[in-house]
Amino acid sequence: MNQIDLKGRRAVITGGAQGIGLAIAQRLVASGASVSLWDLDAKLATEAAEQLSKIGDAHGIGMDVTQPSEVAAALSSSVNRMGGVDILVANAGIAGPNLKTWEYPIEAWQQVIDIDLTGIFLCCRAIAPLMIEQKYGRIVNTASIAGKEGNPNAPAYSAAKAGVIALTKSLGKELPEYDIAVNCITPAVARTRIFDQMTQQHIDYMLSKIPRGRFVEVEEIASMVAWLVSAENSFTTGAVFDLSGGRATY
Ligand code: NAD
């Protein structure tokens, strides 16, 4: 396998303490990048960074992507530590409860939209000016097949992820003259701790919809992201990259 070269690149990965974010961090560090893991769980982020430090440069930062002041403080720490940011993987997210739209509490709706959509907006908004100034950047936002297809009993999640797709397309059209590529990924279902927030019935539903007939491995997601955040992706921006094993209809 050709190794993606990310030597000298500096990456922020939100939700990087575990699951998909951690797999992406591992792949980026293995490719030579320095990584800053931003996560609500500061202890887990620090422990994950300690593990990654055995193969490369990594550190963890506890923060909440929904709070503009915490995004600004985390960015300041990352820049102090790494000297700048070339790559953003805006990946932190929650599933929210599995309830029908007419049963869904407004508080849960708001929380999912705040973390899964506004959190990605806030991170892109904070980091884009740095990338514009240095005339280089690669952004990957984690959306979901739910944002394309709409999953039943996940109205807030589906709406937030559809918003991430639209935000990615919008931002992608704002930045190309600066050599900044903005893309998003739409995984179907990967076995991570996010399953703790879902009913077994919901997990079974999602799996039953996948023509490939299996979960996507987090390493398969990381493999796609590694190319998207590299200079080898010299042209594609504002696009949606499918990881649904054939479920996507567009
Ligand atoms: P996970 O629960 O393993 O990891 C999510 C991480 O995000 C956690 O470490 C958590 O602490 C962090 N986080 C949550 N809220 C945060 C906040 N406010 N600020 C900072 N960090 C916060 O889940 P995962 O499966 O690795 O999910 C990662 C992303 O992938 C999410 O956006 C999720 O919606 C998306 N996704 C997951 C699947 C799947 O099946 N696992 C499928 C499609 C998309």
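Predicted model: local features only at pLDDT ≥ 70, side-chain atom pairs only at ≥ 80, totals over all residues.
**A parallel sheet and its helices**

- Seven strands make up an open sheet with parallel pairing, and their order is β3-β2-β1-β4-β5-β6-β7.
- At the edges you will find β3 (58-62) and β7 (239-243), each of which pairs on one side only.
- Going from one strand to the next, the twist averages 20°.

**Helices on the sheet**
- Helix α1 (residues 19-30) packs on the sheet, where it touches β1 (10-14), β2 and β4 (87-90).
- The direction of α1 makes about 170° with that of β1.
- Helix α4 (residues 106-134) lies across β1, β2, β4, β5 (137-142) and β6 (180-187), and runs at about 170° to β5.

**Where α1 meets α8**
- The axes of α1 and helix α8 (residues 218-228) come within 8 Å, crossing at roughly 55°.
- That angle is why α1 counts as oblique to α8.
- The crossing of α1 past α8 is right-handed.
- From α1, the contact uses Gly19, Ile20, Ala23, Ile24, Arg27 and Leu28.
- From α8, the partners are Val218, Glu219, Ile221, Ala222, Ser223, Val225 and Ala226.
- By type, the residues of this contact of α1 with α8 split into nine nonpolar, two polar and two charged.

Note on methods: Residues numbered from 1 in each chain as written. Heavy atoms only, no water. Pairing = 2+ DSSP bridges. Helix = DSSP H or I, 4+ residues; strand = E, 2+ residues; numbered from the N terminus. Axes fitted to C-alpha atoms, helices over the stretch in contact; angles between N-to-C directions. Contact = heavy atoms within 4.5 Å. Parallel < 35°, antiparallel > 145°, perpendicular 65-115°, else oblique. Left-handed = near helix turned anticlockwise from the far one by under 90°. Nonpolar A, V, L, I, M, F, W, Y, C, P; charged D, E, K, R; others polar.
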